[in-house]
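Please look through the structure below before reading on. The paragraphs after it go from the whole chain to single residues.

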Amino acid sequence: PFLANTIKHQQVGNVMFDRNTSSTPPINTERSAVSPSDTIPEHSDHLLRVEPIISWDSVSLFGVGLLSSRADLRTFYQRLHSPLKDAGVDGVKIDVQSGVAAVGGGSGGGPHLADLYTETMENSVKQHFASISTAVINQNNVDNEAINCINCMSHSTENIYRYKHTSIIRASDDFYPSRPYSHTVHLINVAYNSLFLREVCLPDWDMFQSLHPSASLHAAARAIGGCPVYVSDKPGNHDPELLKKLVFKDGSVPRASQSGVPTRDCLFSNVGEDGVTALKVFNWNSYKNRDLGKVVGSGVIAAFNVQGVMWDFERRKNHVQDPSKPILPVDATIRPRDVESFNNGENAAKGPFIAYGCQSRTFRVLDTLDSEISLKLGHREWDIFTIAPINQKYGLSFAPIGLGDMLNPSGAIVATNSLISAHDGDEKGSGQDSDLPTRIKVEIWSRGSGRFLAYSSNCPSKVIVHTESEPETSNELSFDYDTKKGMLGFPLPEEKNEPHKIVIVWDTTRLLQ
């Protein structure tokens with residue numbers, strides 16, 4: 001097993017069953033609380049064609065200690081997980097799950113054994129590694145019953161459909177820090193695998209190292225992936241500035257609401273080898289509009305140049321482009337239509353939108369679904385765009401973007417209200433604008449600290465921040481406003497155990513000037 005430090009947690013990796021890693025005497029069961037049997041796996045022909053190396057790995061050569069009774073498995077997992085929990089470990093990764101079916105001969109068959117192991121494993125991790133919710137996490141719509149378990153090497157049919165309590169599944173091969181060619185194809189594999197896996201589980205993009213040469217590429221992928229974020233850094237060997245773009249100060253993640261998958265325009269392109277196509281991945285950040293009582297949100301689109309490496313199905317290994325040939329830049333086009341939620345359903349929108357690129361600092365109004373931003377990306381370059389619908393009322397246009405220095409800015413937004421009169425019964429103006437209140441406001445609830453960005457067609461008169469539970473502690477914030485772009489920015493202070501409530505106020509006499 002391995003031990004990995006996460007952003008906030010510690011996890012230990014286990015395999016699904018006991019592995020003998022060398023030629024050892026038969027298992028001594030006299031002093032054991034369980035009764036394992038020596039078993040040699042029988043791998044399927046299709047698995048051997050995909051991964052021939054398993055024919056001569058240690059498990060195939062020397063076998064495994066197989067437990068085939070429910071009572072033995074309960075004892076095994078209890079004795080495995082209880083000491084880990086007592087030691088402060090709060091999560092596990094269960095590896096090699098698809099290998100269980102290979103040892104099912106004589107024990108009821110592979111599917112039966114996979115069902116037995118998965119059910120017993122899930123009951124144990126539910127008992128030992130359930131998440132502990134907090135007030136802040138609850139307000140950020142995180143499931144109180146979440147279980148800190150990553151299912152790994154489990155894409156086989158008899159495994160993937162067995163999960164009843166755990167929901168996270170590794171979507172790709174490992175992060176290999178010493179294989180420079182592996183990092184771009186890692187993103188490709190996860191993005192396309194997620195098309196299927198997201199319908200069953202939450203795809204996991206694996207760990208990465210924050211000081212690795214490809215760290216920013218992996219960080220951007222985790223931001224768009226809607227996945228857990230965790231690193232395998234050596235203690236004290238971190239890039240805090242990069243990690244601050246991914247997680248809040250308390251270690252929680254402004255995770256996108258869905259699983260990141262390729263956009264339609266690159267779905268059937270060879271983004272690793274055709275030399276011209278960018279990998280584009282879209283996602284969605286949902287938050288509640290409190291006065292409308294409905295869930296709204298903003299889209300996210302990431303573009304990557306991941307050319308140069310692709311899986312070779314004939315040779316069963318990654319094919320690396322000739323290093324003597326330079327990998328050229330690719331062109332990418334960002335459109336609101338790339339976000340599926342804008343095309344249909346309750347969040348369908350026709351425009352206008354505001355687009356913000358966290359890498360390029362692009363800030364641009366897009367009038368329609370097909371309005372576009374063009375960019376050129378060198379090898380391993382990327383950008384992530386927040387696409388937010390612009391709300392229009394009282395002659396004012398507004399859209400929140402979120403924390404501009406984070407890789408997923410609108411992931412920080414918890415809730416909003418519509419543009420409304422600043423006070424109930426507010427005195428009306430006169431003449432042709434008699435239906436216009438004297439002041440307009442919008443309210444936003446946001447996690448985190450740092451520079452908050454929004455689009456506003458007009459300069460506000462004030463920006464106020466406080467917490468829901470302590471409205472008397474409100475503070476008026478300084479802000480800056482770019483008249484040409486409509487970009488509004490202001491600094492959010494540190495959180496105080498709950499999201500900020502931001503109130504932005506406009507004086508309508510200024511709107512008429």
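This is a predicted model: local features need pLDDT of at least 70, side-chain atom pairs count only at pLDDT 80 or more; totals for chains, interfaces and linings use all residues.

Residues are numbered from 1 along each chain as its sequence is written, and side-chain values use heavy atoms, with hydrogens and water left out.

The protein chain contains 10 helices and 30 strands; helices (H or I, at least four residues) and strands (E, at least two) are DSSP runs, numbered from the N terminus. Of its 513 residues, 51% are buried, where buried means under 20% relative accessible area, exposed means over 50%, and partly exposed lies in between (1.4 Å probe, protein chains only). The accessible surface of the protein chain is about 24000 Å², and carbon and sulfur atoms account for 49% of that surface. These areas come from the Shrake-Rupley method with a 1.4 Å probe, and for residues only the protein chains shown count as cover. Among contacts in the protein chain with a separation of 6 or more, 69% are between residues 24 or more positions apart; contact means heavy atoms within 4.5 Å.

Two packed helices are described by the angle between their axes and the distance between the axes. Here the axes are lines fitted to C-alpha atoms, for helices over the stretch in contact, and angles run from 0 to 180 degrees between N-to-C directions. Helix H3 (residues 70-86) and helix H4 (residues 110-128) have axes that come within 9 Å and cross at roughly 30°. That angle makes H3 roughly parallel to H4, since angles under 35 degrees count as roughly parallel, over 145 as roughly antiparallel, 65 to 115 as roughly perpendicular and the rest as oblique. The crossing of H3 and H4 is right-handed; a crossing is right-handed if the near helix is turned clockwise from the far one by less than a right angle, and left-handed if anticlockwise. On the H3 side the contact is made by Arg70, Leu73, Arg74, Tyr77, Gln78, His81, Ser82 and Lys85, and on the H4 side by Leu116, Tyr117, Glu119, Thr120, Met121, Ser124, Val125, Gln127 and His128. By class, the residues of this contact of H3 with H4 are six nonpolar, seven polar and four charged. Ala, Val, Leu, Ile, Met, Phe, Trp, Tyr, Cys and Pro count as nonpolar, Asp, Glu, Lys and Arg as charged, and the others, Gly among them, as polar.

The second pair is H7 and H8, with axes that come within 10 Å and cross at roughly 10°. H7 and H8 are therefore roughly parallel to each other. His183, Thr184, His186 and Leu187 of H7 meet Leu217, His218, Ala221 and Arg222 of H8. This contact of H7 with H8 has three nonpolar, four polar and one charged residues.

Helix H8 (residues 215-225) is mostly covered, with 10 of its 11 residues buried. Among the buried residues of H8 are Ala219, Ala220, Ala223 and Ile224. The cover over the buried residues of H8 includes helix H7 (182-197), helix H9 (240-244), strand E11 (279-289), strand E12 (294-304) and strand E19 (382-389). Just after H8, Gly226 has a positive phi of about 65°.

Ser194, in helix H7, counts as buried at 0% relative accessibility. Not counting residues up to four places away in sequence, Ser194 touches Ala171, Pro203, Gly260 and Val261.

Ile504 lies in strand E30 (residues 500-507) and also counts as buried, at 0% relative accessibility. Leaving aside neighbours within four places in sequence, the contacts of Ile504 include Phe398, Lys441, Pro460, Leu488 and Phe490. Lys441 is 63 residues from Ile504 along the chain, and their C-alpha atoms are separated by 5.4 Å.

Most residues other than glycine have a negative phi, and most peptide bonds are trans. Val96, which is not a glycine, has a positive phi of about 55°. Val96 lies in the loop between strand E6 (91-95) and H4 and counts as buried at 14% relative accessibility. Arg380 has a positive phi near 70°; Arg380 lies in the loop between strand E18 (373-377) and E19 and is partly exposed, with a relative accessible area of 28%. Gly351 and Pro352 are joined by a cis peptide bond, with omega about 5°. Pro352 is in the loop between strand E15 (330-334) and strand E16 (353-357).
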